[in-house]
Amino acid sequence: MPVIIRPAKASDEPALGRMGAALAHQHHGFDAQRFMVPDDVESGYRWWLGKEARRPDEAVVLVAELDGDVVGYCYGRLEGVDWNMLLDKHGALHDIWVEEKARGTGTGQLLAEAMVQRLTDMGAPRVVLSTAAKNESARRLFERLGWRPTMVEMTRETPPRS
């Protein structure tokens, strides 16, 4: 069966929480000093993504379904002018996750392209995203889909306070 991309619904919240937690743990594994993993991260993502899915004028939460199972999600928002980041109005793709069993099926590409279309329909003139420096497969996907590097985040730990 083909992968189906659709808006998330309330019954998807447990899967969203599980996948959001997996994404948080993946990033924490890339750099534990930079990426936090909050207590009860799964219920936090379930709450956050469920709340965002109920705000269709500002946020987009999409899921990918394969053979009746939710195997991925993508979360983005329509953002206004951001003086700190020197960004005009834009869409922001914040999260994308594809379960291991669905990787290599084009699910990530379908989610990303559907997100760009939804944010474009909401009025975004561009879509901006960040990806972990060590997440080479995601960076390759995004570059293949037309994103270009524009910023490099750098982190430096401060010395302990005495």
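Colleague: In what order do the elements of the protein run from the N terminus on?
Modeller: The order is β-α-α-β-β-β-α-β-α. The protein has four helices and five strands. Keep in mind that this is a predicted model.

Colleague: What makes the protein as compact as a globular protein of that length?
Modeller: The radius of gyration is 16 Å. The globule rule gives 15 Å for 162 residues. The two values are close, so the protein is as compact as a globular protein of that length. Along its principal axes, the C-alpha trace spans about 60 × 35 × 30 Å.

Colleague: How much of the protein is buried, and how much of the accessible surface belongs to carbon and sulfur atoms?
Modeller: Buried residues make up 41% of the 162 residues. Buried means under 20% relative accessible area. The accessible surface comes to about 10,300 Å², and carbon and sulfur atoms account for 52% of it.

Colleague: What share of the contacts joins residues 24 or more positions apart?
Modeller: The share is 62%, counted among contacts with a separation of 6 or more.

Colleague: What makes the largest nonpolar core a core, and which residues touch the most other members?
Modeller: Its members must be buried nonpolar residues joined through side-chain atoms within 4.5 Å. The largest core has 25 residues. Leu93, Ile96, Leu111, Met115, Phe142 and Trp147 touch the most other members. Strand 2 (59-66), strand 3 (69-79), strand 4 (90-98), helix 3 (107-121), strand 5 (127-129) and helix 4 (136-144) each give two or more residues to this core. Helix 3 gives the most, with five residues.

Colleague: Which residues is Met115 in contact with, leaving aside its neighbours within four places in sequence?
Modeller: Met115 is in contact with Val60, Leu62, Cys74, Tyr75, Gly76 and Leu93. There is also a second, separate core of 17 residues, including Leu23, Ala24, Val63 and Tyr73.

Colleague: Why is strand 2 called mostly covered?
Modeller: Eight of its eight residues are buried. Each is therefore under 20% relative accessible area. Both faces are covered. Ala59, Val61, Val63 and Glu65 are buried on one side, and Val60, Leu62, Ala64 and Leu66 on the other.

Colleague: How do you know that strand 2 pairs with strand 1 and with strand 3?
Modeller: Pairing needs at least two bridges. Strand 1 (residues 4-7) is joined to strand 2 by four bridges, so that pair qualifies. Strand 2 and strand 3 share eight bridges, so they pair too. Strand 1 and strand 2 run antiparallel, as do strand 2 and strand 3. Arg6 stands opposite Val63 in strand 2. Leu62 stands opposite Cys74 in strand 3.

Colleague: Why is Asp67 called exposed, and where is it found?
Modeller: The cut-off for exposed is over 50%. Asp67 has a relative accessible area of 52%, so it is exposed. Asp67 is found in the loop between strand 2 and strand 3. That hairpin has two residues between the strands, and Asp67 takes a positive phi near 55° there.

Colleague: What is the phi of Asp40, and why is Asp40 called exposed?
Modeller: Phi of Asp40 is near 50°, a positive value in a residue other than glycine. Asp40 lies in the loop between helix 1 (13-30) and helix 2 (41-53).

Colleague: Which feature does UniProt place at residues 3-162?
Modeller: The unreviewed UniProt entry gives "domain: N-acetyltransferase" for residues 3-162. In the model, that span is 34% helix and 22% strand, and its end C-alpha atoms lie 55 Å apart.

How values were computed:
Residues numbered from 1 in each chain as written. Predicted model: local features only at pLDDT ≥ 70, side-chain atom pairs only at ≥ 80, totals over all residues. Heavy atoms only, no water. UniProt positions renumbered as here; feature names shortened; annotations may be inferred. Buried < 20%, exposed > 50% of the residue type's maximum accessible area, 1.4 Å probe, protein only. Contact = heavy atoms within 4.5 Å. Rg over C-alpha atoms; globule rule 2.2 N^0.38 Å. Areas by Shrake-Rupley, 256 points an atom, 1.4 Å probe, with all protein chains shown as cover.
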